[in-house]
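I kept this notebook while going through one structure. Each entry says what I looked up and what came out.

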Amino acid sequence: MSSRFRLLAPALVAGMLLPATVQAADLLFSPQPVASSGWIVTATANGKIGPSFPGSDEFSAIVFPSFSLRRVGEPKRFSSPDDGFSLPLYDTSAIRFGIAGRFRGGRYLETDPRLFGFKDVQWAVEPGVFLEWWPLDMIRLRGELRHGVHGYHGFVGDLGLDIVSRIGPWTLAAGPRLSLGDADFTETYFGVRPFEAAINGLVPPYKPSGGLYSVGVSTALSYDWSPAWSTTVSVSYARLVGDAADSPIVTRFGSENQFTFGASVSYSFQTSGW
């Protein structure tokens, strides 16, 4: 298995563009009391190792930053490592709804020489919406619907249920996952065009249909070292099903079993004046 590291520099640049007038107070070391107004910003450094592309049996590593905001006084929200970017437009203790987004890496010949003859699939941004529902304090249901931009132009959706257990500084979460994609998505990542089959010579043409393409489970364990610092480790497993599992790309060059391993470090600080 090969390992390749990709750094998402644009997200780092975005983090550097925060207004210079922001006053940051370290929640861990500052002796001053926490103000009743303002925001708490959480900056996270994330690392993941997962399939080089959907259906691949080789792994790549990626390192990227992420950020979240909450009002001072609001409790820290649970977020699974496999959640997409979330910007709530409606937010209560039971229901959250808002804008979602994800980044999906591309598929390139340099990633796997066995893809000789295949057209490269460029990276994609997936803007969309999300909905969360907490029927109980320890149960979360979340759904995302997104549309690909740049690398492909289809719709994808993710559904998940998490059982969340908080014991002191520990938070343990686990639950099932379902992923769906329309024909544009599955043809991009699992289809084989006739000219690609002819040039490659090892696989036949293949035109998959849309629908459910993977089922799996996600687990995560977090520890709060202080009000400022926390760490999280995660493992997720997805099993390709349906037309995705039958793709010659998967059966000849890849695997139906898709594992992803993650780790992150988060730092929270308070800002005021906006």
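**Entry 1: N200.** I looked up the neighbours of N200, leaving out residues up to four places away in sequence, and found that N200 touches R114, L115, F116, F118 and F253. Contact here means heavy atoms within 4.5 Å. N200 sits in helix α3. Helices (H or I, at least four residues) and strands (E, at least two) are DSSP runs, numbered from the N terminus. The model is a predicted one, in which local features need pLDDT of at least 70 and side-chain atom pairs count only at pLDDT 80 or more, while totals for chains, interfaces and linings use all residues. Residues are numbered from 1 along each chain as its sequence is written, and side-chain values use heavy atoms, with hydrogens and water left out.

Is N200 buried or exposed? I noted N200 as buried because its relative accessible area is 12%. The cut-offs are under 20% for buried, over 50% for exposed and in between for partly exposed (1.4 Å probe, protein chains only).

I then listed two polar contacts of the N200 side chain. A polar atom of this side chain lies 3.0 Å from the backbone oxygen of R114. A polar atom of the N200 side chain also lies 3.0 Å from the backbone nitrogen of L202. A polar contact is a pair of N or O atoms within 3.5 Å; within protein, one must be able to donate a hydrogen and the other to accept it, and residues adjacent in sequence count only if both atoms are side-chain atoms.

**Entry 2: salt bridges.** I searched the whole structure and got 22 salt bridges. The term covers a side-chain nitrogen of Lys or Arg within 4 Å of a carboxyl oxygen of Asp or Glu. Side chains of opposite charge can pair when their charged atoms come close.

I wrote down three of them. D112 pairs with R114, with 2.7 Å between the closest N and O atoms. D112 counts as buried because its relative accessibility is 2%, whereas R114, at 31%, counts as partly exposed. R146 and E144 form a salt bridge at 2.9 Å, N to O, and both residues are buried.

E187 is partly exposed at 28% relative accessibility, and K207 is exposed at 65%.

**Entry 3: T188.** I stayed in helix α2, where T188 is also placed. T188 counts as buried because its relative accessibility is 17%. A polar atom of the T188 side chain lies 2.7 Å from the backbone oxygen of D184. Not counting residues up to four places away in sequence, T188 touches R107, V121, G151 and Y152.

**Entry 4: nonpolar cores.** A nonpolar core is a set of buried Ala, Val, Leu, Ile, Met, Phe, Trp, Tyr and Cys residues joined through side-chain atoms within 4.5 Å. I found that the largest one has 12 residues, including V121, Y152, F185 and Y213. Which element gives the most to this core? I noted α2, with 3 residues. Without residues up to four places away in sequence, the contacts of F185 are R104, Y152, G154, F155, V156, F190 and Y213. Another core, of 8 residues, lies apart from the one above, and F118, A197, V203 and I249 are among its members.

**Entry 5: the surface.** I looked for a nonpolar patch and found one of about 1100 Å², with F85, L89, W133 and F155 among its residues. β5 (85-91), β6 (95-104) and β7 (124-136) are the elements that give two or more residues to this patch. Patches are made of residues with over 30% relative accessible area and no salt bridge: like charges are joined within 9 Å, nonpolar side chains (Val, Leu, Ile, Met, Phe, Trp, Tyr) within 5 Å. Accessible areas come from the Shrake-Rupley method with a 1.4 Å probe; for residues, only the protein chains shown count as cover. The largest share of the patch, 4 residues, comes from β5. L89 lies in that strand and is exposed, with a relative accessible area of 60%.

**Entry 6: H150.** I checked phi of H150 and found it near 90 degrees, a positive value in a residue other than glycine. Most residues other than glycine have a negative phi. H150 is in the loop between β8 (139-147) and β9 (155-167).
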